[in-house]
Amino acid sequence: RGGSGGNGSGDGAGGTIIILTLHDITAIKRSEQMRADFVANASHELRTPLATLLGFIETLRGPARDDAEARDRFLGIMHEQSRRMSRLVNDLLSLSKIELDEHTTPTSQADLARIARSAVAALELKAASRKIKLVLDAPASLPLVTGDEDQLTQVLQNLIDNAVKYTRDNTEVRVTLAPVTPASGGRRPAPMVSASVADRGEGIDRTHLPRLTERFYRVDAARSRALGGTGLGLAIVKHIVNRHRGRLTIESEVGVGSTFTVLLPAAVSVDEGAQVPRTAG
Ligand code: ADP
């Protein structure tokens with residue numbers, strides 16, 4: 001802690017009031033350090049596939065020039081590395097865009113059931129390739145939420161994608177939507193909608209949970225990369241949920257599975273009020 005700025009002003013009665021402002025520069029230093037770490041991590045993540053690409057291009061222009069079998073194999077690897085860079089750049093762009101408007105609250109209304117259906121559909125093929133069944137469990141009617149449809153689609157897609165990535169073959173990934181009426185704490189509680197994604201995967205040791213939504217934090221970096229992960233999915237989820245004034249909770253048991261739940265404020269407007277579950281008081 002340190003740094004000070006003084007601000008003096010007369011009180012009109014001959015005395016002087018001195019207002020001393022102490023700035024918490026440790027917080028500023030910490031955020032500068034985080035930014036520097038982020039740039040270093042992002043550069044490192046991009047440098048690795050880039051080095052692989054350069055290596056293979058040089059080999060293809062030199063020693064492997066006339067080797068058709070090697071060319072096909074190398075092109076396959078180069079394609080995968082390019083896709084990895086592309087995923088990373090897309091996630092970095094998403095993150096920076098979300099950060100830019102994190103201080104504005106969404107005003108539109110979104111239908112979480114429709115969003116969940118499209119997120120499930122987008123991942124069905126990937127899940128089926130490992131015999132994973134995607135199940136959507138939604139009530140016949142659900143209150144709308146206040147939110148940005150594209151961003152909420154990204155939230156559910158990232159969570160379902162992770163569940164599919166980290167669950168065991170031949171298991172089920174269940175997406176459950178439900179209205180939630182928080183316990184009344186004196187004031188009338190705001191109705192919420194919850195969306196949870198549960199898998200039967202390896203689970204996550206509790207020591208990792210507090211850091212799981214940090215950018216590039218992975219329990220097992222090699223495994224995440226092998227599965228096509230960028231290490232940014234949950235950071236994107238956290239920022240979008242924050243922007244929506246929602247909450248993300250993670251429950252996990254090693255060897256049993258994980259459940260990621262997003263709680264979002266229901267949209268209550270004069271004409272929509274009837275659809276939203278009423279609370280006592
Ligand atoms: P990644 O691209 O590595 O999956 P995320 O930010 O989406 O990055 O997730 C961060 C880390 O959290 C992952 O690398 C993985 O270790 C862990 N993780 C996320 N979802 C799950 C899950 N459903 N089951 C087990 N581990 C998970």
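What follows covers the ligand and then the pockets.

Modeller: This is a predicted model, in which local features need pLDDT of at least 70, side-chain atom pairs count only at pLDDT 80 or more, and totals for chains, interfaces and linings use all residues. Residues are numbered from 1 along each chain as its sequence is written, and side-chain values use heavy atoms, with hydrogens and water left out.

Colleague: What makes a residue count as near the ligand, and how many residues surround the ligand?

Modeller: A residue is near if one of its heavy atoms lies within 4 Å of the molecule. There are 19 residues around the ligand, and the closest are N162, Y166, D199, S224 and G231. By class, 9 are nonpolar, 7 polar and 3 charged; Asp, Glu, Lys and Arg count as charged, Ala, Val, Leu, Ile, Met, Phe, Trp, Tyr, Cys and Pro as nonpolar, and the others, Gly among them, as polar.

Colleague: What makes you say that the ligand sits in the largest pocket?

Modeller: The ligand sits in the largest pocket because more than half of its atoms lie within 2 Å of the pocket's grid points. A pocket is an open set of points on a 1 Å grid over the protein atoms alone, where a 1.4 Å probe fits, with protein on both sides within 12 Å along at least five of seven lines; lining residues have an atom within 4 Å of a point.

Colleague: Which helix gives the largest share of that pocket's lining?

Modeller: Helix 4 does, with 9 residues; helices here are DSSP runs (H or I) of at least four residues, numbered from the N terminus. Helix 4 also gives the largest share of the shell around the ligand, 4 residues.

Colleague: Which helix gives the most to the lining of the second largest pocket?

Modeller: Helix 1 gives the most there, with 6 residues.

Definitions and conventions: Helix = DSSP H or I, 4+ residues; strand = E, 2+ residues; numbered from the N terminus.
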